[in-house]
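The sequence and structure are shown first.

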Amino acid sequence: GVGGADAVDVMANIPWELKCPKVIGVHLTGAISAWTSPKDVILRVADILTVKGGTGAIVEYFGPGVESLSCTGMGTICNMGAEIGATTSIFPYNERMARYLVATERGEIAKISEQYKNLLQSDE
């Protein structure tokens with residue numbers, strides 16, 4: 001996060017150095033089956049990276065396996081990214097997110113997201 005001294009520098013228009021985080025790509029294949037949950041995905045990632053492996057990194061999930069995760073499942077995985085020290089975790093925008101936004105009365109956000117969907121995808 002931003003420390004007090006960093007905030008003062010920014011407000012005083014003093015140049016502020018920000019370290020560019022590393023990006024860890026997690027390619028998801030297959031599909032979640034009846035006996036697994038999104039929590040199993042992040043626990044496996046944590047097992048591979050260990051607690052310090054994701055420190056200061058952005059964890060980007062991509063691949064065909066993303067389509068089998070619910071929007072709330074993706075949220076669970078992102079939320080638990082802190083357990084591996086990740087700065088943040090992201091998923092590409094997809095139909096499940098759009099349906100979630102509509103179901104939670106945020107259809108306007110879904111419409112805007114659809115317009116920019118190509119920018120909300122993983123890089124090739």
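With which residue does Lys111 form a salt bridge, and how far apart are the closest N and O atoms? In this predicted model, the partner of Lys111 is Glu108, and the closest N and O atoms are 3.4 Å apart.

## Salt bridges

Lys111 and Glu108 belong to helix H5, where a spacing of 3 residues separates them by about one helical turn. Lys111 is exposed, its relative accessible area being 53%. Glu108 is likewise exposed, with a relative accessible area of 53%.

The search of the whole structure finds 2 salt bridges. Another pairing joins the side chains of Arg44 and Asp47, with an N to O distance of 2.6 Å. Both residues lie in helix H2 (residues 38-53), 3 residues apart, which is about one turn of the helix. Arg44 is partly exposed at a relative accessible area of 49%, whereas Asp47 counts as exposed at 53%.

## Packing of H4 with H5

The axes of helix H4 (residues 95-103) and H5 come within 7 Å and cross at roughly 155°. Angles over 145 degrees count as roughly antiparallel, and H4 and H5 are therefore described as roughly antiparallel to each other.

On the H4 side, the contacting residues are Ala98, Leu101 and Val102. They meet Gly107, Ile109, Ala110, Ser113 and Glu114 in H5.

## Packing of H3 with H4

Helix H3 (residues 71-79) packs against H4 at an angle of about 105°, and the two axes are 8 Å apart. This angle makes H3 roughly perpendicular to H4. The contacts bring Cys71, Thr72 and Met74 of H3 together with Arg96, Met97 and Tyr100 of H4.

Ser89 is found in strand S3 (residues 88-90). Ser89 counts as buried because its relative accessibility is 7%, and the cut-off for a buried residue is under 20%. When residues up to four places away in sequence are not counted, Ser89 touches Val59, Tyr61, Cys78 and Gly81.

## Nonpolar surface patch

Ile112, Tyr116, Leu119 and Leu120 make a nonpolar surface patch of about 410 Å². One of these residues, Leu120, is found in the segment after helix H5 (107-115). Leu120 is partly exposed, with a relative accessible area of 36%. Patch residues must have over 30% relative accessible area, so Leu120 at 36% lies over that cut-off.

Note on methods. Residues are numbered from 1 along each chain as its sequence is written. This is a predicted model: local features need pLDDT of at least 70, side-chain atom pairs count only at pLDDT 80 or more; totals for chains, interfaces and linings use all residues. Side-chain values use heavy atoms; hydrogens and water are left out. Patches are made of residues with over 30% relative accessible area and no salt bridge: like charges are joined within 9 Å, nonpolar side chains (Val, Leu, Ile, Met, Phe, Trp, Tyr) within 5 Å. Accessible areas come from the Shrake-Rupley method with a 1.4 Å probe; for residues, only the protein chains shown count as cover. A salt bridge is a side-chain nitrogen of Lys or Arg within 4 Å of a carboxyl oxygen of Asp or Glu. Helices (H or I, at least four residues) and strands (E, at least two) are DSSP runs, numbered from the N terminus. Buried means under 20% relative accessible area, exposed over 50%, partly exposed in between (1.4 Å probe, protein chains only). Axes are lines fitted to C-alpha atoms, for helices over the stretch in contact, and angles run from 0 to 180 degrees between N-to-C directions. Angles under 35 degrees count as roughly parallel, over 145 as roughly antiparallel, 65 to 115 as roughly perpendicular and the rest as oblique. Contact means heavy atoms within 4.5 Å.
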